[in-house]
Amino acid sequence: MQEYYNYIKALHLIFVITWFAGLFYIPRLFIYQIEASQKPSPDKEILGNQLKLMAKRLWYIITWPSAILATTFAICLLILRPMLLDLPWMHVKLGFVVLLIIYHLKSHQIFKQLQIGVVTWTSNQMRLWNEGATIILFAVIFLVIVRDAVNWIYGVVGILLLAILLMLGIKFYKRIRDKNPNA
């Protein structure tokens with residue numbers, strides 16, 4: 001099985017990428033669904049139905065299968081190289097993976113609510129939610145690439161600064177949209 005390690009690793013990375021693609025796009029569809037729910041008829045119904053269909057296809061055809069396959073291949077990699085579990089950076093990475101799974105499951109809960117027309121988030125709250133996957137992606141990529149060379153204090157400060165910059169960017173964009181709804 002060791003001779004297939006690099007193939008399994010490649011498949012793991014491919015499905016991590018497609019999983020993140022789904023996690024990046026689904027909150028955008030949620031934002032559009034939330035905004036469509038505030039439109040007058042018939043726009044509300046036409047847009048709402050189309051966005052529900054798009055979200056359903058993205059979620060069940062791309063995002064969920066990618067999450068399952070990425071996780072399956074990750075487990076295979078750890079079975080082939082169990083010594084990776086002895087490395088401190090891997091513990092931190094797996095912590096971020098747990099956060100990613102929690103993010104995915106919460107997104108699934110939001111998806112199910114929107115599919116039945118229950119809107120509990122504002123579009124601005126969903127824009128903030130949308131950045132969760134970005135922050136996790138940055139953390140995992142930097143952790144995997146620099147591994148033991150990373151100074152954990154600088155890494156944590158860097159992730160916090162990224163989060164602050166993303167939130168400021170969202171607030172700035174909201175101001176632009178408030179002035180010009182077509183922006």
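Lys52 is found in helix α2. Helices here are DSSP runs of H or I with at least four residues, strands are runs of E with at least two, and both are numbered from the N terminus. The model is predicted, so local features need pLDDT of at least 70 and side-chain atom pairs count only at pLDDT 80 or more, while totals for chains, interfaces and linings use all residues. Residues are numbered from 1 along each chain as its sequence is written, and side-chain values use heavy atoms, with hydrogens and water left out.

With a relative accessible area of 24%, Lys52 is partly exposed; buried means under 20%, exposed over 50%, and partly exposed in between, for a 1.4 Å probe and protein chains only. Lys52 and Lys112 are 60 residues apart in sequence, and their C-alpha atoms are 9.9 Å apart in space. Helix α2 is also the place of Cys76, which is partly exposed at a relative accessible area of 25%. Between Cys76 and Phe138 there are 24 Å in space, C-alpha to C-alpha, and the two are 62 residues apart in sequence.

The chain as a whole has five helices and zero strands, in the order α-α-α-α-α from the N terminus on. Along the principal axes, its C-alpha atoms fill a box of roughly 60 × 35 × 25 Å. Of the 183 residues in the chain, 32% are buried.

Most residues other than glycine have a negative phi, and most peptide bonds are trans. The bond that joins Ser41 and Pro42 is cis, with omega about 0°, and Pro42 lies in the loop between α1 and α2. Helix α4 itself has 24 residues, which at 1.5 Å a residue should span 34 Å; its end C-alpha atoms are 36 Å apart, which agrees. The expected span is 1.5 Å times one less than the number of residues.

The largest pocket holds about 740 Å³ of space. A pocket is an open set of points on a 1 Å grid over the protein atoms alone where a 1.4 Å probe fits, with protein on both sides within 12 Å along at least five of seven lines; lining residues have an atom within 4 Å of a point. Its volume is the space filled by probe spheres set on the points. The lining comprises 29 residues, and His12, Leu13, Val16, Lys93 and Val144 lie nearest the centre. Two or more lining residues come from each of α1 (5-36), α2 (43-80), α3 (88-115) and α4 (123-146). Helix α1 gives the most, with eight residues. By class, the lining has 23 nonpolar, two polar and four charged residues.

Aromatic side chains form eight pairs in the structure. In the pair of Trp59 and Trp64, the ring centres are 6.4 Å apart and the planes lie at 80°, so the pair is edge-to-face. Rings of Phe, Tyr and Trp (its six-membered ring) pair if their centres lie within 6.5 Å; planes under 30 degrees apart count as stacked, over 60 as edge-to-face and the rest as tilted. Trp59 is buried, at 0% relative accessible area, whereas Trp64 is partly exposed at 23%.

Another ring contact involves a charge. The charged end of Arg81 sits over the ring of Tyr5, 3.7 Å from its centre; this requires CZ of Arg, or NZ of Lys, within 6 Å of the ring centre and within 35 degrees of the ring normal.

Key:
Ala, Val, Leu, Ile, Met, Phe, Trp, Tyr, Cys and Pro count as nonpolar, Asp, Glu, Lys and Arg as charged, and the others, Gly among them, as polar.
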